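This report goes through a few features of one protein model, heading by heading. Keep the sequence and the 3D view at hand while reading.

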Amino acid sequence: MQFNKKTIWITGASSGIGKAVALKISEEKSHLILSGRNKEELENVALVCKQNGSKTTVVPFDLGDEKSVEEAANKVFSKDINIDALYHFGGISQRSFVSETPLFVDRRIFEINYFGTIALTKAILPKMIQRGGGHLAVTSSIVGKFGFPYRSSYSASKHALHGFFESLRAENVQNNIKVSIIIPGRIKTNISINAINKEGKTHATMDDGQGNGMSAEKSAEIICKKLKREKKEILVGGKEIIMVYIRRFLPFLYYRLSSRVKPL
Ligand SMILES: NC(=O)c1ccc[n+]([C@@H]2O[C@H](COP(=O)([O-])OP(=O)(O)OC[C@H]3O[C@@H](n4cnc5c(N)ncnc54)[C@H](OP(=O)(O)O)[C@@H]3O)[C@@H](O)[C@H]2O)c1
């Protein structure tokens, strides 16, 4: 996957990892479709992308609203834009115990992280197949690989993305559809500030995990290098990444460690 002269749709482009990836890709003179809800921030990102020599189209929409996702896809199709790649970074995290989280909070997380993401993918996929192929990337998390306290539905929504996108990949090998699953550890973004709590309100706190995490820019460098190689799984972050291997190879240790984790 070369970014130069390609049309790449990036969700979550208004902030954090998605924004950093958009800016990095824009150095390669591509056409970036930038999405998120915050139009003003998207316009700011678009301005820098243009200064870097890329073309941009800003398409704000709400991943948690099926109609909004559909309208966004139709808006892009109506402009006769062909999508070479769709990179999903849009998502929200969670900070609440299972025992105190009402179902509407679990549903909200799934609507944004899972249903919104697959809705846009389903809108784009048939066109990619028609054109002979394309590249899809979705952002999971290390907690998409194992459960983690205070993140029950967030972790579940990311696990669900693995199931969906691995199935999609298997079904579409002959259609030349490449799938990358990005698995960040702790990256210094606003993810914990924007995470929702048991009341469905924002957690509004920069947790130590994120505050001490890898910078979004550094993560974008690593992610972009691996997206170019169409890697199936892209692990990115600091030493916390080791938990993925502990879960796989030393499950007894994972059970012990995960039950001792402080909630935040
Ligand atoms: N940072 C980490 O440590 C970490 C670790 C593992 C996984 N991740 C994953 O990485 C991805 C990017 O997160 P980030 O760390 O960059 O956090 P972030 O700075 O909070 O960015 C989240 C992005 O998602 C968009 N978004 C949130 N809700 C949306 C909605 N309802 N509709 C449309 N867009 C929405 C936001 O845009 P608007 O506000 O403009 O809507 C924003 O651009 C997420 O999928 C997250 O789960 C992050």
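## Salt bridges

Glu27 and Lys24 form a salt bridge, in which the closest N and O atoms are 3.3 Å apart. The model is a predicted one, and eight salt bridges are found in the structure. Side chains of opposite charge can pair when their charged atoms come close. Glu27 has a relative accessibility of 45%, so Glu27 counts as partly exposed. Lys24 also has a partly exposed side, with a relative accessibility of 30%.

A second salt bridge joins the side chains of Glu43 and Lys39, at 3.7 Å from N to O. These two residues are four residues apart in helix H2 (residues 39–51), which means that about one helical turn separates them. Glu43 is partly exposed, at a relative accessible area of 38%. Lys39 is partly exposed too, and its relative accessible area is 48%.

Glu100 and Lys198 make another salt bridge, with 3.9 Å between the closest N and O atoms. This pair links distant parts of the chain, as the residues are 98 residues apart. Glu100 lies in the loop between strand S5 (94–95) and helix H4 (103–130). Lys198 lies in the loop between strand S9 (196–197) and helix H7 (208–211). Both ends are partly exposed: Glu100 has a relative accessible area of 32%, and Lys198 has a relative accessibility of 37%.

How many residues of strand S6 (residues 134–139) are buried? Six of the six are, so the strand is mostly covered. The cover is found on both faces of S6. Gly134, Leu136 and Val138 are buried on one side, and His135, Ala137 and Thr139 are buried on the other.

S6 pairs with two strands named here. Strand S4 (residues 85–88) runs parallel to S6, and four bridges join them. In this pairing, His88 stands opposite Val138 of S6. Strand S7 (residues 177–184) also runs parallel to S6, and here there are six bridges. Leu136 stands opposite Val179 in S7. To get from S6 to S7, the chain passes through helix H5 (residues 152–171), and this β-α-β crossover is right-handed.

## Cysteines

Cys49 has a relative accessible area of 0%, and Cys224 has a relative accessibility of 5%.

## A nonpolar surface patch

Which residues make the nonpolar surface patch of about 530 Å²? They are Ile242, Tyr245, Phe249, Leu250 and Phe252. Helix H9 (residues 242–249) gives the largest share of the patch, with three residues.

Phe249 is found in helix H9. Is Phe249 buried or exposed? Phe249 counts as exposed, because its relative accessibility is 56% and the cut-off for exposed is over 50%.

Key
Residues numbered from 1 in each chain as written. Predicted model: local features only at pLDDT ≥ 70, side-chain atom pairs only at ≥ 80, totals over all residues. Heavy atoms only, no water. Patch = residues over 30% accessible without salt bridge, like charges linked within 9 Å, V, L, I, M, F, W, Y side chains within 5 Å. Areas by Shrake-Rupley, 256 points an atom, 1.4 Å probe, with all protein chains shown as cover. Salt bridge = Lys/Arg side-chain N within 4 Å of Asp/Glu carboxyl O. Buried < 20%, exposed > 50% of the residue type's maximum accessible area, 1.4 Å probe, protein only. Pairing = 2+ DSSP bridges. Right-handed = clockwise from strand over helix to strand, strands pointing away.
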